[in-house]
Amino acid sequence: MLRYIIRRILVTIPVLIGVTLIIFTLMYFTKGDPARMILGDMATEEEVEELREEMGLNDPFLVRYGNYMLDLFHGDLGDSYVTGLPVTEEIMARLPVTMRLAVYSCALSVIIGIPVGILSAVKQYSILDNVATLLALLGITIPSFWLAMMLILVFSVNLGWLPASGLYGWQYYILPVISISAVSIATITRMTRSSMLEVIRQDYIRTARAKGQTEAKIITKHALKNALIPVITVIGIQFASGMSGAVVNEQIFAIPGIGKMMVDAIKARNYPVVQGGVLIIALLFSILNLIIDLLYAFVDPRIKTQYARKKEKHKPQELAAGGEEVSA
Amino acid sequence: MAQNESGALLSVRNLTIHYFTDSGVVQAVNGISFDVQQGETLGLVGETGAGKTTTALGLMQLVPDPPGKIVEGTITFNGRDLTKLDKKELRSYRGREASMIFQDPMTALNPVTTVGEQIAEVVKIHKKVSHAEALKEAAHMLETVGIPAERLGDYPHQFSGGMKQRVVIAIALACNPHLIIADEPTTALDVTIQAQVLELMKKLQQEYKTAMIMITHDLGVVAEVCDKVAIMYAGRIVESGPIEEIYENTKHPYTKGLFDSLPSLNTKVKRLRPIHGLMPDPTDLPPGCPFAPRCPHCTDACSTHMPEPVEVAPGHQVCCVLYEKSADAVQ
C-alpha cells in the first residue's frame, strides 16, 4: 500500500512538469507586454525596453523556461509583476477561500445528492423519483454563471436576503456554494440513482432478502457500499470541477480566491501568478485523484487485495492453495 | 396427490405465477401442485425457462414484484399459507424456516463484506445473540461446510467457486431451517466440485433432518440426492413420482425425451436423440398440452385440452392424453 502511494506521488511529478510546459508556452504566445502593463501608458519605449531586459522577457523561450524551472525546483514561483510579492504568498493568501468554497460545495452535493439518489432508486418511478430526475436534469443543463446571476437577482436584489458580493461572513458563502454545487448535486444524484438501481438487482441483494433481512438494512448494509464505489469517482471529479467552477463564480460574486486572482492576473499579463495558480490547481487535482484511489481501496476490498498483492507476492498463492485443499 | 396434505411440511396447490411485462404476460408457472414431507428431498427437473426458479422464488415469496405476481394458488408451510403472511412474518420465515441456495455462487455473495459477516448476519436476524456470538456461530458453520474457521475474515473474491457455494450453503443452514430450496446449486461449478458440493449437501441434510427441494436440469443430480421427482415443462408439472418409478417406469413423452437425450455407457447409440423444437413462448402458450407441438405421440385431442394428472402407479402421476385414455378405458 505504502509503495503504491509513493509510486503515485512520483507519477505526479512528470504531470506537473507537463503542466508548466503547456502553461508557460501558452503565456509566451499570449499577446500583450507585461513591462508595458507595469509601467503604464506614460512610460517611454526606452524605459519599457530596459524593464523587459531586466525581467528577462527578451531572452529566448528555452532560456526563460529553463530559468523558470530552475527557480521552481528551489520552491520559488517568482514574484507577482503587479504587487512585487512572491507568488507563493499571493496563492497562500487566496487558496483557503477557494478551497473552502470547493469543500462546502462538495459537501453540499454529497449531503443532498447521495440520499436523493438512493431514494430515487429505491422508489423508482415514484413522484419523488420523477421530481428528482427532472431537477437533476435542470441542474446539469443550467450554466453555472447564469444560475449565479439569477440567484443574485432573486435573493440579493429582489428579496434582499443574502449579500451579492464580497466575503465578510458565512452568509456570503451561501449563494456561491449553491451556484457551484448545482451541477455536482445533479450529477451525484443521477450517478447514485443509476448505480443503486444496478446494485439492488444483484443476486446478493436477493440473498440478503432470503435471509429475512429488513429492506432498510438491505439498502444501508448491502446495497450502499457497493453502489458508492462508482459514485466516489464522480465525487472526485465534481470536487475538481467545483474548483474550476469557483473561477467563474468568484468572478461573479467578487470573492478573493484563486479563481479571481488568476482571471485578474491574465488580464494584467501577470505571468508568474497565472503559472503559479495553474500549477497549484494541477497539484491539487493530482492529490485529489490519489485520495480517491485510496478511498476505493477502503470501500472495495477487492482493490485493497490488489495493492496488498503487490507488496507481499507470496500471500495469494497461499490463499489459493489453502482454498482448494479443503474438502467435505 | 392431496392424500398427505395434513402431514406435509410444504404443500403447494395450484400455484400460478405470471410476470406482467410490457411485451405481454409471461406465464412462468401455471397451476402446479406438490407436497414435500419432513426430511424428504424433491427434485424439480426441467429445461431452461420451465419455471423452476420462479417456483423457488415463489416458495420464498421473493418473486420480483413488479413485474411478477402470484396470481393464484396456496403455499402451505407448517399449516400457514405463505401468500397471506405480512412482511414481518415473511421475514421471520425466510432464513429461519426455509432458506435458499442460489444458482450462481459468484454473484450470490456481497463482494464488499467478509464471509463471516454474511453468515453471522442471518444468525443475528433470527436469534437474539450478540455480534461476537453470531460470529462464533458463523465460524462453526464454516467448519461444518469444510472451510477452516480462520477464513472468517476473508472476502468472497478470495474464495474459489466451490468454496463460495459452501459459504452460501453455510448461510442457508445457519439457522437450521426445516426446508432448503436449492436452485441449481451445482450448475456453475466444475464436475469434480459438483460432486463434493452435492455430497456435502446430502450429508448436512441428513444431519439436520432438513427437507430439500433440489431444482436442476441434471437428471444425474436428481438420481444422486432425491427421493421424489417432479418434471416441469412450460410452467406445469407433467410427471411426478418416487424416483425409481420415474427412472424405471417413465411415462410422459417429455420425460422419455429427457432420458433419451442423455448419453449412456451401457447402451451404445450412434447419435443422442434430442427433443426437437423449442419450449413454447411463455407469453403465448398453446391452448392444450404445452408439449404437443414437440411430442412424437401428439393427437388432435392434445392441442384442444390440457390433460388432467392421472395416477399410473402409487404416487406416480402423469399429465398426458395417452394415459388419460387408458385410465378411462380401465374405468
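pLDDT is the predictor's confidence in each residue, from 0 to 100.

**View 1. Confidence across the predicted model.** This is a predicted model. Its scores are ipTM 0.83 and pTM 0.78. Chain B has a mean pLDDT of 85. In chain B, 96% of residues reach 70 or more. Residues 1-5 of chain B fall below 50. Beyond near neighbours in sequence, that stretch has 7 contacts in the model. Where pLDDT is low, the predicted coordinates should not be read in detail.

**View 2. The contact of chain A and chain B.** Chain B brings 35 residues to the contact, and chain A brings 25 residues. On the chain B side, several elements each supply at least two residues. The side of chain B that touches chain A divides into 17 nonpolar, 11 polar and 7 charged residues.

**View 3. The largest nonpolar core.** This core holds 150 residues. B:Ile119, B:Ala170 and B:Ile181 touch the most other members. Helix 10 of chain A gives the most to this core, with 12 residues. Around B:Ile119, leaving out residues up to four places away in sequence, the residues touched are B:Ala138, B:Met141, B:Leu142, B:Ala170, B:Ile171 and B:Ala174.

**View 4. Helix 9 against helix 10 in chain A.** Helix 9 (residues 203-210) and helix 10 (residues 215-253) of chain A have axes that come within 10 Å. The axes cross at roughly 145°. The crossing of these two helices of chain A is right-handed. Helix 9 of chain A contributes A:Tyr204, A:Ile205, A:Ala208 and A:Arg209 to the contact. Helix 10 of chain A contributes A:Ile218, A:His222 and A:Ala223. By type, the contact residues of the two helices are 5 nonpolar, 1 polar and 1 charged.

**View 5. A:Asp79 and its surroundings.** A:Asp79 sits in the loop between helix 4 (61-73) and helix 5 (87-122) of chain A. Is A:Asp79 buried, exposed or partly exposed? A:Asp79 counts as partly exposed, because it has 16 C-beta neighbours inside 10 Å. Neighbours within four places in sequence aside, A:Asp79 is in contact with A:Gly84, A:Leu85, A:Pro86, A:Val87 and A:Pro272. A:Pro272 is 193 residues away from A:Asp79 along the chain. The C-alpha atoms of A:Asp79 and A:Pro272 are separated by 6.5 Å.

Notes: Residues are numbered from 1 along each chain as its sequence is written. Chains are lettered from A and ligands numbered from 1 in the order in which they are written. This is a predicted model: local features need pLDDT of at least 70, side-chain atom pairs count only at pLDDT 80 or more; totals for chains, interfaces and linings use all residues. Axes are lines fitted to C-alpha atoms, for helices over the stretch in contact, and angles run from 0 to 180 degrees between N-to-C directions. Helices (H or I, at least four residues) and strands (E, at least two) are DSSP runs, numbered from the N terminus. A crossing is left-handed if the near helix is turned anticlockwise from the far one by less than a right angle, and right-handed if clockwise. Two residues are in contact if their C-beta atoms, placed from the backbone, lie within 7 Å. Ala, Val, Leu, Ile, Met, Phe, Trp, Tyr, Cys and Pro count as nonpolar, Asp, Glu, Lys and Arg as charged, and the others, Gly among them, as polar. A nonpolar core is a set of buried Ala, Val, Leu, Ile, Met, Phe, Trp, Tyr and Cys residues joined through C-beta atoms within 7 Å. A residue is buried if 20 or more other C-beta atoms lie within 10 Å of its own, exposed if 12 or fewer, and partly exposed in between; C-beta atoms are placed from the backbone.
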